[in-house]
Structure formats: structure tokens, C-alpha cells
Amino acid sequence: MTDWDASRYHRVSEPQFDWGQRVIARLKPVAGERILDLGCGTARLTQEIQRASAGGAVAVVGLDRSGSMLAVARASIPHAETAAPVLLVHADGAALPFRSAFDAVFSAATLHWIPDHQAVFASVAVALDAGGRFVAQCGGRGNLQRMLEHTSQLQASAIYREYFHDWRDPWNFAGAEETAAPGAASFDCLLQPNEKRAKPNSVVKVCKTDRRYIE
Ligand SMILES: C[S@@+](CC[C@H](N)C(=O)[O-])C[C@H]1O[C@@H](n2cnc3c(N)ncnc32)[C@H](O)[C@@H]1O
């Protein structure tokens, strides 16, 4: 498996940072909470979660499967002693090494990179404490659709066919009906059909009790 160019991602991830801050606003971290950032990347948002907590510190853990992302994250987190330092964990979000350890799981721009969403949801359910919430954002069905149509035509063409016979796209852009996290007391996931053009109200919101398009 190839790894990310994490230094470059850190420099160019302004769009993801903006989307993620809107997800932090939905998360509303509260002092004393234990929060997991699933797919933390270079931990820009992980550190924002700590800054955004109302009334005091939260204990934030950033988890990612990419060693290069975590190396850049480690270098970007200030070394100063704080009441609740950000901890980083190298692990798979579909097989979390935690049990009843968090009040909330946050995830931004990551779930569509993980093929088995049911494994993620089951793992998040085990990692959350009773009453815990799961607040996420990711690409949803329709994302990159035009580009994917063009690339699949090219891949099937006589010139390129031989190079792509066992190619699998790495993304899982799921729809609302297959996105549910039954183990979380509340689940709020923004599925963005088209990240580039998404307006705040062109997302699908999925909750345990509420599954609808916001228009
Ligand atoms: C587009 S980046 C988003 C990073 C960060 N959340 C942000 O918004 O800047 C997607 C991240 O998901 C991570 N990722 C992909 N599959 C993963 C998995 N199975 N478990 C944990 N992290 C994963 C990647 O390594 C990458 O850091």
C-alpha cells in the first residue's frame, strides 16, 4: 500500500480544514470529554478540537493508519506541557484498539477512504462509552462522479485496458441508506456529494433518528 505525501497534504489541506471546522461546530466539545479523531491525518483538526472545547480541556486522541501522516502530526503538535496533550495512535479505524474509552468520536474527510463502513461503525460502537456520540463528515454518493465516469471510460479504452484490469477505486462514497451507526447513542454524518461544489446545505445528514436531505 502506498502512503500519503503527508508534508504536502499538510500544506494543501485548507479545504479539508474548513469542512472539518464545521464538523467541530457540530461536535461541540465540552471540557472533560474524551474525544477520538478517527483518521486525524496531520492533526490540524485534532488540535482545533482541543481549542474549541468549552470551559476547559478535553482529552483528544488522534488515530490514523498512515505512518507519514502521524510523523507530520507529531512534528506539528507543540511540545509545551498542557493539561491534556493530544495523543497519537497508529491503528486502523475499522479495528479500533479501544473499549468504552470515548465520549465522542469525530471523523472528517476519512470514512470514504475506508472500504468497510460496517466494520468502522461496529468498531466505533465498542470504542464509545454509553451515551457516546459519533460526529462525522465524508464524501458521499455522487462525489467525484464526473471524474470517475471519465476515468472509467479511459481505463476501459483499448490503449489503457491492460494497465487497469485489476484496478479498484480506493473510495467508498456511500449513500444515506447504508450509512448508520447503530452502536452510537447519536450519529451525525455529513455525506458530501461533491466536495468541491458542496454548499453547507447540499449535504445529506444522517442521524440515528433522522435520515433526510437538508434543503
Ligand atoms: C483526506 S485525509 C483527512 C485527514 C484529516 N481528518 C483532515 O481532515 O485533514 C484522510 C485520512 O484518513 C486516513 N485513513 C484512511 N484509511 C484509514 C483507516 N482504515 N484507518 C485510519 N485512518 C485511515 C488516511 O491515512 C488520511 O490521513
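**Note on the predicted model**

1. Serine 100 is found in the loop between strand E3 (87–90) and strand E4 (102–108); strands (E, at least two residues) and helices (H or I, at least four) are DSSP runs, numbered from the N terminus. The phi angle of serine 100 is near 45 degrees, a positive value in a residue other than glycine. Serine 100 counts as exposed because it has 10 C-beta neighbours inside 10 Å. A residue is exposed if 12 or fewer other C-beta atoms, placed from the backbone, lie within 10 Å of its own, buried if 20 or more do, and partly exposed in between.

2. This is a predicted model: local features need pLDDT of at least 70, side-chain atom pairs count only at pLDDT 80 or more, and totals for chains, interfaces and linings use all residues. Residues are numbered from 1 along each chain as its sequence is written.

3. Alanine 43 lies in the loop between strand E1 (34–38) and H3. Its phi is positive, near 70 degrees, in a residue other than glycine. Alanine 43 counts as buried because it has 24 C-beta neighbours inside 10 Å.

4. The protein chain comprises six helices and eight strands. Of its 215 residues, 36% are buried.

5. Around the ligand there are 21 residues, of which Gly39, Gly41, Arg65, Ser66 and Gly93 come nearest; a residue is near a molecule if its C-beta atom, placed from the backbone, lies within 6 Å of it. Helix H2 (14–27) and helix H3 (44–52) each supply at least two residues of this shell.
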